[in-house]
Amino acid sequence: MGWGSSYSGRVVELTDAVLAQRVAAGDANAFEHLVRRYSRELLGLAVRMLEDRAEAEDVVQDVLLTAWQRSAELSDPAALRAWLFQVARRRCLMVLRSRRSRRTELVAVLPERSTTLGESRHIDPQRAAEAGAGVRALGRALAGLPARQRDVWLLAEVAGLSSDEISVRIGAGESVVRGRLCRARTKLAGAMRSWR
C-alpha cells in the first residue's frame, strides 16, 4: 500500500495529524511512515546535542518507541513533529545529565558523496579532515553557549521549529525565544568566523 491518499490519480501526502491518529490506532504501516519521515531529523538533533552517534541513535529509538506507545495521548495530533522533537530534546538532556562525570568525543558527521551504480565512493582526505575540524569547532562553539541559548538554537536550526513552536515547547515567550536565538547566532558567528 502506497502512502498518501489517492485523489483523482494524485498522491496526497498524509498530514501529521492523520499520521499520528493512525499510529495511535496501532497502524504499523503508519508507524513505518513516521519513522521514514522523522528519524533522520531526530538523529541530526540528537547527534548535535550529544556529540555521540551511538547515544544519539539510542535516543532516536527511545523517541520512536514513545511515539508508538504514547501518540494516542497527543492532545493536538497536528503537533506530532514538535512533540517528537520535544521528546528527543528531553531524552538528550537526560543523557547529558547522566554522563556529566565522563567525557565523550565529538562525532564528526561527514556527508557521503552519492554515487551511481559501479562508481566507487571517494572522499578527498583533505576535505574530510577540514570538514571534521569544522564540525569539531562548531561543537566547541555550541558547548560554549549558555544551555538555554544552545537549546533554542538546536531547536530552530536543527529541528527546524518556528519561534512559536519553540516558545510552546520550552515554556517561554516568543520574544524571549527570538532574543536567545539572536544571541546564540551572534556568538556562533563570532566563534566560527575563521571557518568562513
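Before the first stop, one term: a crossing is left-handed if the near helix is turned anticlockwise from the far one by less than a right angle, and right-handed if clockwise. Also, this is a predicted model, where local features need pLDDT of at least 70 and side-chain atom pairs count only at pLDDT 80 or more, while totals for chains, interfaces and linings use all residues. Residues are numbered from 1 along each chain as its sequence is written, and side-chain values use heavy atoms, with hydrogens and water left out.

**The whole chain.** Start with a cartoon view: the protein has eight helices and two strands. Helices (H or I, at least four residues) and strands (E, at least two) are DSSP runs, numbered from the N terminus. Of the 196 residues, 38% count as buried (under 20% relative accessible area; exposed is over 50%, partly exposed in between, with a 1.4 Å probe and protein chains only).

**α3 and α4.** Next, select helix α4 (residues 80–98) together with α3: they pack at an angle of about 135°, with axes 9 Å apart. Axes are lines fitted to C-alpha atoms, for helices over the stretch in contact, and angles run from 0 to 180 degrees between N-to-C directions. That angle makes α3 oblique to α4 (under 35 degrees is roughly parallel, over 145 roughly antiparallel, 65 to 115 roughly perpendicular, the rest oblique). The crossing of α3 past α4 is right-handed. To see the contact (heavy atoms within 4.5 Å), show side chains including Val-59, Val-63 and Ala-67 of α3 and Leu-84, Val-87 and Val-95 of α4.

**α1 and α2.** Now move to helix α1 (residues 16–24) and α2, whose axes come within 8 Å and cross at roughly 135°. These two are therefore oblique to each other, and α1 passes α2 in a left-handed crossing. Among the residues in contact are Leu-19 and Val-23 of α1, with Phe-31 and Leu-34 of α2.

**An aromatic pair.** Select Phe-31 and Trp-68: they sit edge-to-face, 5.1 Å centre to centre, with 65° between the planes. Phe-31 lies in α2 (residues 28–50) and Trp-68 in α3 (residues 53–70), 37 residues apart. Trp-68 is partly exposed, at 34% relative accessible area.

How values were computed: Phe/Tyr/Trp six-rings, centres within 6.5 Å; stacked < 30°, edge-to-face > 60°.
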